[in-house]
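Hi everyone, thanks for making time today. Let me put the sequence and the model up on the screen, and then we'll walk through it together.

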Amino acid sequence: MYICLCQAVTDHDIKASVNAGAESLDDVQAILPVALNCGTCRDSAEALINEALQNKAHKLSYAA
Ligand code: FES
């Protein structure tokens, strides 16, 4: 699903960025051009990043 229509960034792209080590919107923006144009997607992108971080932490707690 597209999160950022301006730059064609998908939820999969953002989740992959978090799995690669991004921990904030700034980190993701160093990898992807999300929320760098109109900004409409900013809240959705931040919510998705937080969700992906929680999922990542949950998976790591099971792996430990
Ligand atoms: S929809 Fe993401 S910058 Fe416009």
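With 64 residues, a compact globule would have a radius of gyration near 11 Å, and this protein has 12 Å, so the two agree. That radius is taken over C-alpha atoms, and the globule rule is 2.2 Å times the number of residues to the power 0.38. Along its principal axes, the C-alpha trace spans about 40 × 20 × 15 Å.

A quick word on what you're looking at. This is a predicted model: local features need pLDDT of at least 70, side-chain atom pairs count only at pLDDT 80 or more, and totals for chains, interfaces and linings use all residues. Residues are numbered from 1 along each chain as its sequence is written.

What about the inside? Buried residues make up 25% of the 64, where buried means 20 or more other C-beta atoms, placed from the backbone, within 10 Å of the residue's own. The largest nonpolar core has 15 residues, and Ile3, Cys4, Ile14, Val34, Ala45 and Ile49 touch the most other members. Strand S1 (2-4), helix H1 (11-19) and helix H3 (42-63) each supply at least two residues of this core, with H3 giving the most, 4 residues. A nonpolar core here is a set of buried Ala, Val, Leu, Ile, Met, Phe, Trp, Tyr and Cys residues joined through C-beta atoms within 7 Å.

Technical notes. Buried ≥ 20, exposed ≤ 12 C-beta atoms within 10 Å, placed from the backbone.
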